[in-house]
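Visitor: I am new to this structure. Could you show it to me and walk me through it?

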Amino acid sequence: MLVIKNLHASIDGKEILKGIDLEVKAGEIHAIMGPNGSGKSTLAGVLTGRDYVEVTEGEIWFEGKDLLEMDPEERAREGIFLSFQYPVEIPGVSMISFLRTALNEIRKHRGLQPLSSGDFLKLMREKQQLVEMDAKLTGRSVNEGFSGGEKKRNEIFQMALLEPKLAILDETDSGLDIDALRIVANGVNKLHSPQKATIVITHYQRLLEYIVPDYVHVLYDGRIVKSAGKELALELEQKGYEWLKKEVDAVTD
Amino acid sequence: MEENLIKTYSGVFLNNQLLFTGDMPQMLEPIRLKALEDFNSLGIPSTKLERYRYTDLLPAFNKKYDFYLKPDQLNFRIEEVFQCDVPQLDMKEVVTVNGFYYQNNSLKGWQPNGTYIGSLRKAMIEVPEVVSQYLNQTYASTDGLLSLNSLLFLDGLFIYVPKNKSLEFPLQLINLLIANNDLFSTQRNLIVLEENASANLVVCDHTLSSVDFLTNHSTEIFAGRNANLSVTMLQNVNNQATHITTTNIHQAHDSRVHTVVLTLHGGTVRNNFNVKLLGEGADNQTHGLYLPDGVQKIDNSVFIEHQAPHCTSNQLFKGILDDKSHAAFTGRIYVSRDAQKTSAYQKCSSLLLTQEAKVNARPQLEIYADDVKCTHGATAGHVNDEAMFYLRSRGISAKEAQFLLMFAFAYEVTQFIPLGDLRFRMEELINKRLRKELGRCHNCQISLS
């Protein structure tokens, strides 16, 4: 589904990603872990089309299409979804008109008719239950006055509604208490299927107890320095990142 | 040059004295004399004046215009050529044409419930005892344009809502400008609400011909004790129009006057609001939204005088500026020594869609009481990049995302429009305007003959 080859990217002329190779197939869950500043969020930024990240080398293919040629909205319509680390508050834009516009744009891209108001509201109610989101929140402006946990739930709610093929969860667990974490993870698991793929970007192992990955990759200094099965996450939890850093620095020195 | 302007415009009066005084009710005589004296010394305001610093009106006044001194016999019915964009089932409408109350208006004079709605000119004859009590009482010798209006007005709308009465329907005043040649138009409206009276007004300004218009309209509003007035103004005039409005408001004890002015289109638009809070507990809300593009200029100037304790005032002016348009906001809040426990808020914010668009915002506070709450502020900026990216990352196109954000920005003002249906219609107009789908009037080529 997603193929990343030798990806180099910089922000303000500083190289952050220094050659990433990664392949994600349908049905897989990949976790990308790594210490702060290793390039995790930059990778999410490249995948979703942040304009402040400049790709200097390499390629990204999504279902056989050149992802780097697409605007952010085209990527979303093709089926890529980012759960934001810091969801944005947009006063004055109602959740309903936002979600309805987004859903209908995506449906149009897939050759489907726009949903009627009635069907849309029905769908919204159904998906709200999935993340146990307070119905009152959808009556408000986008993320306005939402608590940290509500914002993250809202991300997963949007994901449920838009039904992406590839979901990228950027630090979705940060700032969540254990109950909220369980609800969010539960939502992600319910939405996962053999046709879909998920990339979980996280600093902590905690989320991976609930969303169990098939592969764990460690990102350090702009490169994937280790890839293994889910047991790698546990190892990192026990030993921290230091041992890996030392190992890598020893090789590169 | 400015001397010449004084000569030109006072000349209109001096050369037609029979029209302006001789044939008019006697109560106008002292008003005209005072206005003439003041206009001769004040003249047309130039940018040298603090209040007119950002908008140069002199080029517009230096053009040659026809002066519309007598209502023409129209050879068509207004209702056949003009369809309003803001229809509402329970609303009644009256029309003025180039400053004169339209002859076919269905509302003329006393209404069954004891209110009066009609031509000001006629009211001066029919109910002189009421009109003379109020007409020109908000006048101040401070602005040459107001003096010029007092000198040259011949008609307009008069509304009188006696004690404990209310207009039983929202009233829409549609001010139309129609001409074959460039035209100067003057209009005076007088709105009187006595104690506990209430009214809901919608005022729309439209040009129906594509010639140069220069309008100098003024409205006087008196809100008696505990009276309640809401005014929604919609300005949609052509690119060659210089549209000047002055709204003077006097408010008594516990009265509420809420105004929202939406400027969708216009060449140069200048709105003056002068509010005097004269009785305790009075509340004034004056909000504005303006959406200029091209080289349009929109200039709002608000002056709120707190003369009594426990009054509140609030202004929110927001603009979305495209192309090389220019907007200005001057807000002056004056709190007299006796006006303790005043709450006064003022905010102006602008969204600039291009590098060339420009806004000047000048909030000013002048406070002589010591126990008051006043805040003011101004912001100008571009569309929030993070919000744009968030919307786009959900599949919404850049264009649509920008539109959603602009609409959200405008919503902060439109939410103050009191009638739900009206708000909805106005939002639709704003929607069209922001999408640049708001055509000039369909009937823009109507001629008088």
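Visitor: How many residues does the contact take from chain A and from chain B?

Guide: Two residues are in contact if their C-beta atoms, placed from the backbone, lie within 7 Å. This is a predicted model: local features need pLDDT of at least 70, side-chain atom pairs count only at pLDDT 80 or more, and totals for chains, interfaces and linings use all residues. Residues are numbered from 1 along each chain as its sequence is written, with chains lettered from A and ligands numbered from 1 in the order in which they are written. The contact takes 20 residues from chain A and 18 residues from chain B.

Visitor: Which element gives the most to the side of chain A that touches chain B?

Guide: Helices (H or I, at least four residues) and strands (E, at least two) are DSSP runs, numbered from the N terminus. Those giving two or more residues to this side are α2 (72–78), β7 (90–94), α3 (95–109) and α5 (148–162) of chain A. With five residues, the top giver is α3(A).

Visitor: What is the bridge partner of Cys348(B) in β21(B)?

Guide: Strand β19 (residues 342–352) of chain B runs parallel to β21(B), joined by 10 bridges. In β21(B), the partner of Cys348(B) is Ala378(B).

Methods
Two strands pair if DSSP finds at least two bridges between them.
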